[in-house]
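Please examine the sequence and the structure shown here.

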Amino acid sequence: MKTTMTLTGLTLALLASTAHAELRLGASLSATGPAAFLGDPEAKTLEMLVEELNANGGINGEDVVLTLYDDGGDPNKARTFATRLIEDDGVVAIIGGSTTGTTMAIADLADGEGIPFISLAGAVSIIDPVREFVFKTPHTDRMACEKIFTDMQAQGTTVIGMISGTDGFGASMQAQCKDVAGDYDITIAADETYGPGDADMTPQLTNIANTDGIQAVLNPGFGQGPAVVTRNYAQLGIDLPLYQSHGVASNGFIELAGADAAEGVRLPGTALLIADILPDDDPQKEVATTYKAAFEEQAGQPVSTFGGYAHDAFALMVDAMTRAGSDDPQDIRDALEATSGLIGTTGTYTFSETDHLGLDLSAFRMLEIVDGGWSAID
Amino acid sequence: MLTSKWVQLAVLAVLIAALPLLFPSGYYYRIGALIFVNALAVTGLVILVGWAGQISLGHAGFAGIGAYACALAPEHLGLHPVVAIVLGMVISAGLAALIGKPILRLKGYYLGVATLGFGILVTMVLTNERIWTGGPDGMSVAKLGLRELLRDMGVRVSGGVFWYWACGIVLLIGAWLALNLYNSATGRALRALHGSEVAASTIGIDVPRLKLQAFVISAVYASVAGSLLALQNGFITPDVAGFMHSIEIVTMAVLGGVGSVVGAILGAVILTLLPQVLTVFAEYEQLVLGAVMILVMIFLPRGLLPSIAARLKRKP
Amino acid sequence: MDSLLQFLFSGLTVGAVYALVALGFTIIYNASDVVNFAQGEFVMLGGMITVFAHEAGIPLPLAALLAVVLTAAIGVALNKLAIEPARGAPVVSIIIITIGASIFIRGASQLIFDKQLHRLPSFSGDAPIRIGGATILPQSLWVIGGALIVFVALWLFFTRTLTGKAVLATANNRLAAQLVGINTRAIMTLSFALSAAIGALAGVLATPITLVSYDVGVALALKGFAAAMLGGMGNPKGALVGGLLLGLFEALTAGYLSSQYKEAVAFIVILAVLFAMPQGLFGAKSTERV
Amino acid sequence: MTLLHIEGLGINFGGLKAVDNVSFAAAAGQVTSVIGPNGAGKTTLFNMISGVYTPGSGRVALDGDNVTGIHPSQLARRGLSRTFQNLQIFQDMSVLDNALAGFHLSERGSVWGDMLSLPAARRRARDARDGAMKLLKRVRLDDLASEVAGNLSYGQLKRLEIARALGVGPRVLLLDEPAAGCNAVETEEIDTLIAELAASGIAVLLVEHDMKLVMRISHHVVVLDHGQMIAEGDPESVSQNPEVIKAYLGTEAVDNVAG
């Protein structure tokens with residue numbers, strides 16, 4: 001009996017969603033679970049932007065209907081929700097996959113079914129090799145490493161220690177950084193890790209500090225780990241430059257780590273974090289300040305880089321749909337690939353047949369925490 | 001037994017075969033396939049938890065082994081995915097036999113924490129050995145190839161439909177094997193040692209050996225479930241072996257009625273469907289899920305099927 | 001920098017958090033033989049309520065007190081609404097209820113509070129204390145001290161007070177306990193209140209170090225459970241020693257062997273201990289009567 | 001022919017000598033009873049003989065083989081089975097399944113055979129089922145075969161345990177208070193059953209408080225008090241032994257002995 005009831009419920013939901021002719025956009029995000037850090041601001045951003053868009057008349061006069069599912073960071077669920085979005089909700093495009101794992105679970109399906117899909121996750125493998133229908137907005141982990149190493153090289157640093165989270169973000173960036181370190185003549189002399197929920201990293205940091213010749217420390221990771229690392233770093237009194245990743249690029253990080261401990265920490269970030277201090281002639285100034293103000297007003301929490309990824313994905317999608325002038329997934333995809341010079345919070349996107357990321361290092365800015373706030377150092 | 005083995009199997013077979021008539025879209029095939037995969041893992045737990053009375057909080061570890069066998073063996077050893085499923089079964093069985101021997105001496109929560117530890121070890125290896133497993137980001141799984149074979153034979157089925165039938169048939173086989181076991185010397189001995197280990201041993205039942213057999217069998221069920229999940233998703237991450245997945249399948253088993261195969265399948269149906277239905281509650285989803293679990297256990301403390309059956313019996 | 005001493009400090013800090021969670025498990029387990037998998041949520045609630053009360057302008061000590069009292073009330077509600085109505089259900093069903101409760105509390109917290117990470121200011125500042133080439137934060141001393149005080153209090157409670165003995169009697173044989181005049185329902189209520197309060201206290205003390213968000217409960221419950229089993233479920237001494245040992249294993253493994261596999265090593269040690277002592281380090285030996 | 005030899009058997013529980021230096025023998029086709037006041041160590045003695053406890057000292061020999069400290073399941077294989085003072089019924093299983101469990105040793109094959117329901121496994125299951133039904137008939141539980149064991153009365157469960165123990169096809173059968181909690185009619189049935197079993201060549205070892213029953217059917221009686229064996233012999237001589245009367249004085253059993 002229970003089964004029939006639920007099946008009827010599902011059928012009703014289906015009927016309700018097919019009753020209108022609108023532009024249906026789907027999303028599967030990790031709004032809860034271990035990756036809620038990413039998914040929560042992303043979900044809030046999408047909901048806010050859709051509302052805003054429809055209030056302003058939608059796309060070519062048609063409203064955008066957003067169907068958003070919370071996959072909890074579980075790739076298996078993400079795949080199920082992607083199936084549901086495509087087969088049942090009849091969406092013409094999908095945004096989502098907060099993590100690389102959930103993205104890969106969706107990508108295969110979206111590509112196979114011919115539904116344009118913009119991922120919000122970091123790994124290079126999402127867009128390399130290029131898949132016809134799969135795009136992404138964030139910089140790759142490899143680009144973050146390159147940005148950091150460029151700065152290290154400029155400081156004359158050649159030997160570093162790494163301490164990485166074992167979550168998807170940390171592990172992926174750890175691997176990419178080890179991969180490209182050689183290109184910048186950087187040797188990784190100590191390579192430590194910590195678990196996502198760990199409360200004390202002093203043993204790992206002690207080992208790094210006791211390794212001969214280390215000139216700087218890099219901490220790829222997101223969530224509470226980097227905050228704890230930064231606090232332990234100060235506790236141990238380690239007197240070397242500390243680099244964090246773009247995974248912690250939000251004001252929340254400074255608060256969690258404590259302004260004193262975070263002082264001097266460097267990381268690659270996007271224009272979003274320094275929207276207020278961007279020079280007026282910066283091309284990203286307008287889009288970054290507008291989004292930042294709207295998000296903080298609506299969500300009541302500080303803006304984060306991740307919400308920015310969702311903002312850019314939505315902007316790309318709206319732009320493509322407007323240009324395509326149809327709700328045919330193939331047309332939208334073609335329009336998406338033709339995107340040129342779209343200015344987002346993360347950078348300026350220009351897609352091509354061989355590049356489904358469309359960003360270069362120039363959009364990444366090296367930031368330093370000074371007096372409890374962000375400042376740009378290049 | 002409520003009804004005979006063949007009645008239970010026939011009902012199951014008819015349901016699997018007839019439900020697609022009601023499916024409005026391909027998405028329902030996906031849900032169906034997921035239910036069957038979960039039900040398969042839960043059936044294994046019925047043998048271990050329901051009959052033999054041994055708890056496991058780490059069974060997803062075996063699902064992880066089955067899943068990664070299908071991901072790794074074709075890529076690194078060049079094995080066909082079907083052979084990889086069998087390889088996963090063998091590895092799971094071997095590992096279960098190896099660790100089961102010492103840990104099945106433990107009882108109750110102590111066994112719980114030992115199995116929990118096993119599951120965590122598997123997850124850690126899958127997460128940390130990224131050169132092999134792709135780490136927490138996971139890795140792609142080769143295609144099974146059967147669907148392509150069917151296509152060459154002139155039968156075209158979509159992925160969702162194919163996996164619905166494939167998983168449905170495997171579940172039927174799994175249920176058939178389990179129901180055979182229930183009424184055999186082994187099944188009876190397992191239920192007997194659950195009732196009283198001392199009495200069981202005085203009638204010649206080799207208690208440690210039978211516990212180990214139940215552990216190995218249930219591990220193989222979980223392994224096959226993991227393999228099927230990996231192959232149909234085409235992509236796998238260490239989550240499949242994680243603690244939450246272990247808890248999920250135990251909850252399915254207990255919710256449905258851990259003593260019977262049909263009850264366990266019912267538990268899998270409900271806990272697989274529930275999150276899909278609860279999406280209408282949006283951010284209240286977790287709240288409702290927790291409340292449903294509590295309410296079912298309060299009002300149907302022995303699980304859905306046994307409690308409902310007992311009520312029907314009381315009111316003739 | 002002295003490595004060993006630093007590893008020990010780290011292990012003690014983390015271990016004391018585990019010990020506090022494990023101590024929370026012992027009371028409910030002693031009264032009802034149930035391992036309450038929602039125990040981690042009590043810890044989370046302690047931290048979250050304090051954070052939000054403090055942000056709302058309530059002074060920290062008062063906010064902490066409020067958190068402990070509120071969480072204890074939630075513990076009582078859990079018992080009254082979910083555990084008591086299921087009296088007589090098999091233990092596995094009760095465990096599923098506590099898992100359901102944990103999901104429910106988490107779901108409610110993400111709605112009432114938020115999904116962000118939060119931190120409390122350290123009680124005695126952030127200036128590290130230097131001892132023999134290693135450093136420890138004053139907050140660590142708060143957590144270690146808290147674990148010791150809760151342990152002593154529980155130990156006295158179970159061995160020196162009539163109520164404590166009534167809790168043990170209730171677990172041992174509910175019917176017999178009722179026959180000698182113990183109000184077993186009141187004992188269960190008390191057990192949940194106390195367990196929840198200890199959990200909340202753990203949350204308050206640890207949040208300045210570990211940070212808190214709505215979903216930290218599961219991981220904490222897992223470690224606390226493992227620690228309690230290592231020491232021997234139901235024994236406060238076991239919970240304390242189990243927690244500290246688990247923390248030390250992890251820190252020493254991270255320091256000397258591999259930070260990647262530190263949890264694995266900790267679990268292998270637990271398994272090894274259980275093979276030799278199937279009831280944990282301090283668990284009561286049980287002989288089957290036939 | 002003596003089947004079971006007990007020599008100097010003893011065990012300590014935390015310094016307390018629960019059973020100390022007990023020796024006797026039980027012959028095939030005979031009923032050997034172990035009696036004594038409460039706490040004399042009768043059940044402990046049974047637990048040692050049946051391998052549930054490992055003896056601290058002494059030796060148990062079955063058919064001339066030393067079987068001291070052997071696991072109960074091994075002993076069952078050698079033809080020794082038992083019932084329990086505190087019922088150890090498989091409560092959630094049906095009456096038939098309980099009886100069938102007793103046939104485990106003759107029914108079991110490979111797990112594969114069981115899971116695939118191979119013809120050989122099915123044949124063994126059929127044979128076991130026939131045997132179990134016969135035993136249930138013998139203890140008059142055949143019409144309750146499909147009932148869940150937990151729903152049976154105490155007396156019925158006692159009989160079910162005997163049926164289960166008989167499924168092993170024992171040469172030595174240990175019965176721990178089979179008549180406890182039974183009414184007069186049931187007691188008489190058990191009386192007859194035990195006599196029949198002994199007559200069929202089984203060595204029956206009996207612990208029982210019902211002295212009338214013991215005196216009526218025993219061939220040999222062993223008396224324990226505080227873990228020590230204080231007397232041994234035929235029922236007649238034991239009941240007149242002054243040591244035995246002294247041990248029972250002040251207990252309710254003294255009336256039974258006198259009567």
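This is a predicted model: local features need pLDDT of at least 70, side-chain atom pairs count only at pLDDT 80 or more; totals for chains, interfaces and linings use all residues.

Residues are numbered from 1 along each chain as its sequence is written, chains are lettered from A and ligands numbered from 1 in the order in which they are written, and side-chain values use heavy atoms, with hydrogens and water left out.

**Chains and contacts**

- Five pairs of chains touch, and the most contacts among them are between chains B and C; contact means heavy atoms within 4.5 Å.
- Chain A and chain D are joined by no contact, and their closest C-alpha atoms lie 27 Å apart.

**Annotated spans of chain C**

- An unreviewed UniProt entry lists "transmembrane region" for residues 7-29, 58-79, 91-113, 140-158, 179-205, 238-258 and 264-284 of chain C. UniProt positions are given in the numbering used here, feature names are shortened, and annotations may be inferred rather than shown by experiment.
- Residues 58-79 of chain C are 91% helix and 0% strand, with end C-alpha atoms 29 Å apart. Helices (H or I, at least four residues) and strands (E, at least two) are DSSP runs, numbered from the N terminus.
- Residues 179-205 of chain C are 85% helix and 0% strand, and their end C-alpha atoms lie 40 Å apart.

**A helix pair in chain B**

- Two packed helices are described by the angle between their axes and the distance between the axes.
- Helix α2 (residues 26-51) and helix α8 (residues 159-182) of chain B pack at about 20 degrees, with their axes 7 Å apart. Axes are lines fitted to C-alpha atoms, for helices over the stretch in contact, and angles run from 0 to 180 degrees between N-to-C directions.
- α2(B) and α8(B) are therefore roughly parallel to each other; this term covers angles under 35 degrees, whereas those over 145 count as roughly antiparallel, 65 to 115 as roughly perpendicular and the rest as oblique.
- The residues that make the contact include B:Phe36 and B:Leu40 of α2(B), and B:Tyr164 and B:Leu171 of α8(B).

**The sheet of chain A**

- Five strands of chain A form an open sheet in the order β2-β1-β3-β4-β5, with parallel pairing. Two strands pair if DSSP finds at least two bridges between them.
- The edge strands are β2 (64-70) and β5 (134-136) of chain A, each of which pairs on one side only.
- From one strand to the next, the twist averages 20 degrees.
- Four bridges link strand β1 (residues 23-29) and strand β3 (residues 93-96) of chain A in the parallel sense, and A:Gly26 has A:Ile94 as its bridge partner in β3(A).

**Strands of chain D**

- Six strands of chain D form an open sheet in the order β6-β7-β8-β3-β9-β10, and the pairing is mixed.
- Within chain D, strand β3 (residues 31-35) and strand β8 (residues 203-207) run parallel and are joined by four bridges; D:Val31 stands opposite D:Val204 in β8(D).
- Strand β1 (residues 2-13) and strand β2 (residues 16-27) of chain D pair in the antiparallel sense over eight bridges.
- The hairpin of β1(D) and β2(D) has two residues between the strands, and D:Gly14 takes a positive phi near 55 degrees there.
- Five bridges also join β1(D) to strand β4 (residues 57-62) of chain D, and these strands run antiparallel.
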